[in-house]
Amino acid sequence: MRRAYPPAVLGKDAGRLETAARKIADIGIRPSLKSNEKKIFDRIDFQFPLPKRNDYFLNFYAYAHEGRSVVVLPVLSLKILEDLATAYAWLFYNNYSLSTVDLYFTMLQHRPRRKFQNVTYPPLLDALGIPRDALDNPQVDKLSLSFRNEAFAFILLHEMGHILFRHRGYDEITKAQARADETQSDRFALNVLERTGTPPLGAVLFFQAQFYSMPHKGEFKSEDAWQDYLHKRSTHPLTGDRLSELARYISGPLADRRPNEKVIWKFIGQGLTTIIGILNDVELQRCMKLVAQNSPMEILLPRKQVASLQMNENCIGGR
């Protein structure tokens, strides 16, 4: 992905993305923190590195260094999240299928790089045919900004949760404990967002991108092989259990605490439930993998066609 987003491109956006993240942290998050949480927050150093070789392109993390807590928000990851928000906003506003976004990340996971033009992964907006003036439409711009800020806020709070609860590094604990820590940090992030009145819709977009670009159940030959991966190799996969807990908490206690926005919170919970359905649908996962590997790149361009029908036709053709 460093070729898709080279240093010269990221360098132009680095300062702007850092400013946006810090503004969300200082103005959007800090005033809603409790006193003990503010003490933790004020001891956090934020870092915004440019990508290094073999960096995962959606990688946010926290660690301790010389008595200080550090939250790392790589510029590449922030840029891809911002582009993701723009893509969803433009496609949604123009009533195009959103499934092309999911398929793009599936291609990054499963399509050999040699099958891309110039042997280079394409930038998200270019691959999806999003026009360069997409944000000139005030409504698209407003929706995109909302998605981006919600995603940034959730990630910032999730990483802060690891620091607040003094979670240890993944090499020091069991995989089961690591997944429990992820769930605890998820809930902390949601609690603070609820205090601010910020629906975590952008977080759902982030989870979707993560799911389609990470190993999932459909890639494994058996249930035993999948469970072996979960318990021995993976620290924080998007399992049905983790997302079910998120969906239940958002649709239940959080929605009840926000009666004026209850509909939107339940809508977000339903969005997570949809992802859970895909997590449990091994045949659909294998179908998307087949389409991603063999379809022409034009399949990613904006389309009105119903996503499930398009996917089914391509799977049948691929077989």
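**View 1. Helices α4 and α12 in a predicted model: a roughly perpendicular pair.** The coordinates are a predicted model, in which local features need pLDDT of at least 70, side-chain atom pairs count only at pLDDT 80 or more, and totals for chains, interfaces and linings use all residues. Residues are numbered from 1 along each chain as its sequence is written, and side-chain values use heavy atoms, with hydrogens and water left out. Helix α4 covers residues 99–110 and helix α12 covers residues 282–294. Helices (H or I, at least four residues) and strands (E, at least two) are DSSP runs, numbered from the N terminus. The axes of α4 and α12 come within 9 Å and cross at roughly 75°. Axes are lines fitted to C-alpha atoms, for helices over the stretch in contact; angles run from 0 to 180 degrees between N-to-C directions. Under 35 degrees counts as roughly parallel, over 145 as roughly antiparallel, 65 to 115 as roughly perpendicular and the rest as oblique.

**View 2. Residues of the α4 contact with α12.** From α4 come Asp102, Leu103, Thr106, Met107 and His110; from α12 come Met288, Lys289, Val291, Ala292 and Gln293. Contact means heavy atoms within 4.5 Å. Five of these residues are nonpolar, three polar and two charged. Ala, Val, Leu, Ile, Met, Phe, Trp, Tyr, Cys and Pro count as nonpolar; Asp, Glu, Lys and Arg count as charged; the others, Gly among them, count as polar.

**View 3. Arg242 in helix α10.** The helix spans residues 240–257. Arg242 is buried, at a relative accessible area of 7%. Buried means under 20% relative accessible area, exposed over 50%, partly exposed in between (1.4 Å probe, protein chains only). The Arg242 side chain makes a polar contact with the side chain of Asp186, at 2.6 Å. A polar contact is a pair of N or O atoms within 3.5 Å; within protein, one must be able to donate a hydrogen and the other to accept it, and residues adjacent in sequence count only if both atoms are side-chain atoms.

**View 4. Ala153 in helix α6.** Helix α6 runs over residues 138–164. Ala153 is buried, with a relative accessible area of 6%. Leaving aside neighbours within four places in sequence, Ala153 is in contact with Ile24, Ile29 and Leu193. Phe46 and Ala153 are 107 residues apart in sequence; their C-alpha atoms are 13 Å apart in space.
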